Amino acid sequence: MKDPIIIVGAGLSGLRAASLLTSQGIECRVLEARSRIGGRVLSRAVEVSPEIGRFDLGPTWFWPDHEPVISNLVTELGLQTIIQHTDGAVLLEQSKNGPVQRHLLPEGAVQKSVRLVGGVQSLIEAVFATLPSGVIELDTRVIGVSEDEEGRITVEAERSDGHLKKISAGAVIFALPPRIVAEHIDFSPALPRELAASLKNKPTWMAGQAKVLAVYEHPFWREDGLSGQVMSWAGPLQEIHDASPETGHGAFFGFFGLSAADRRELGEEKILELVVRQLERLFGPAAAKPISLLYKDWSSDAETAVEEDLQPLNSFPDYGLPVKSGTWEKKIIFAGTETSPEFGGHLEGALRSAERAVDEVKKLIRP
């Protein structure tokens, strides 16, 4: 195969696929619409105190006892981990005016999970470091894929400066949310109806959600025998966890019970005000003065969410491979956590999908 494999998307799946391909001598190029690598992995530092460390506004943790692929990769790359703090009581909040309930969970009730020192971005950076120079092209949005009568594939992309470019491809790996592929990329010939429907029926993980981080001088709640974990029916946050780094500072992260539409109507300033009020209600006056608040609404990220993703998920999606058939069956390959039959929605699923995509490429090249 003389033309390179084109990988669309420089998130964890796309980068890992590129790393595996290049390690086996298979030429590839990664095209990324954003001006950064990582996709839905987003780790940010506190602007006024970057020495505190980075905090995850995308995926945060993994479960080493149950997720071997990411566990082995983290070990192979020499990354450091933090065991998620779960010691202490869990708080339950049923209403804003009612009492906050305090419960001690039985030993072993919470599965061991870990976070990465430096955030999940440290994994992205470590995988990126395995790639040769020039493999990744940022600010390059794929807008079309075509196949001519002789079976040659051309990928059309638009640079952020408006410049259009065409690239010949041996095959294309889409390491993007399936709905983004279905709605934002033109295919010639068109995708088979069954495949297009399959892509649109896969909700994008995290796309309807927002995440907030509140950073403090120290994890004062631990002194009160609290784990930092909260379940709330009063909101605006419905789920809160300890996100403290190893620097001695403290942090909470939380997921919202507010819908994407409600968040848009309120606006970021009002949302953060409500978050601080809730934390003060739960943890007392010390929670009213965070050093910093970090916020990311994934529903307003055009590289992540489409309109259908704004509807709240009522259950965990049934993820797995898109239905492939017709002209494109062996020319386009799907990666990304939404395409993984196991661990869909997890970092583990993203990595497994990359391994499967590379296996498919190898079968094309070396049948």
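**Exercise 1. Find the loop that holds Met-206, and decide whether this residue is buried or exposed.**

Solution. Start with the place: in this predicted model, Met-206 sits in the loop that runs between helix 5 and strand 16 (210-216). Next, look at the backbone: phi of Met-206 is near 80 degrees, which is a positive value in a residue other than glycine. Last, take the accessibility. Buried means under 20% relative accessible area. Met-206 has 17% relative accessibility, so Met-206 counts as buried.

**Exercise 2. Describe how helix 1 and helix 3 pack: at what angle, and with which residues?**

Solution. Two packed helices are described by the angle between their axes and the distance between the axes. For helix 1 and helix 3, the angle is about 25 degrees and the axes are 9 Å apart. Angles under 35 degrees count as roughly parallel. Helix 1 and helix 3 are therefore roughly parallel to each other. Their crossing is left-handed. On the helix 1 side, the contact is made by Leu-12, Leu-15, Arg-16 and Ser-19, and helix 3 brings Leu-123, Ile-124 and Val-127. Sorted by class, this contact has 5 nonpolar, 1 polar and 1 charged residues.

**Exercise 3. Now try helix 2 and helix 8: how do their axes cross?**

Solution. The axes of helix 2 (residues 68-76) and helix 8 come within 8 Å and cross at roughly 85 degrees. An angle from 65 to 115 degrees counts as roughly perpendicular, so helix 2 is roughly perpendicular to helix 8. Helix 2 makes the contact through Pro-68, Val-69, Ile-70 and Leu-73, while helix 8 uses Leu-347, Glu-348, Leu-351, Arg-352 and Glu-355. By class, there are 6 nonpolar and 3 charged residues in this contact, and no polar ones.

**Exercise 4. How many residues make up the largest nonpolar core, and which element gives the most to it?**

Solution. The largest nonpolar core has 40 residues, and those with the most contacts inside it are Ile-5, Ile-7, Leu-15, Leu-21 and Ile-173. Among the elements that give two or more residues to this core are strand 1 (5-8), helix 1 (12-23), helix 2, helix 3 (121-128) and strand 14 (171-174). Helix 8 gives the most, with 7 residues. To see one member up close, pick Ile-5: leaving aside neighbours within four places in sequence, its contacts include Leu-21, Ile-26, Ile-173 and Val-361. There is also a second, separate core of 25 residues, which includes Phe-187, Leu-191, Ala-196 and Ile-332.

Methods:
Residues are numbered from 1 along each chain as its sequence is written. This is a predicted model: local features need pLDDT of at least 70, side-chain atom pairs count only at pLDDT 80 or more; totals for chains, interfaces and linings use all residues. Side-chain values use heavy atoms; hydrogens and water are left out. Helices (H or I, at least four residues) and strands (E, at least two) are DSSP runs, numbered from the N terminus. Buried means under 20% relative accessible area, exposed over 50%, partly exposed in between (1.4 Å probe, protein chains only). Axes are lines fitted to C-alpha atoms, for helices over the stretch in contact, and angles run from 0 to 180 degrees between N-to-C directions. Angles under 35 degrees count as roughly parallel, over 145 as roughly antiparallel, 65 to 115 as roughly perpendicular and the rest as oblique. Contact means heavy atoms within 4.5 Å. Ala, Val, Leu, Ile, Met, Phe, Trp, Tyr, Cys and Pro count as nonpolar, Asp, Glu, Lys and Arg as charged, and the others, Gly among them, as polar. A nonpolar core is a set of buried Ala, Val, Leu, Ile, Met, Phe, Trp, Tyr and Cys residues joined through side-chain atoms within 4.5 Å. A crossing is left-handed if the near helix is turned anticlockwise from the far one by less than a right angle, and right-handed if clockwise.
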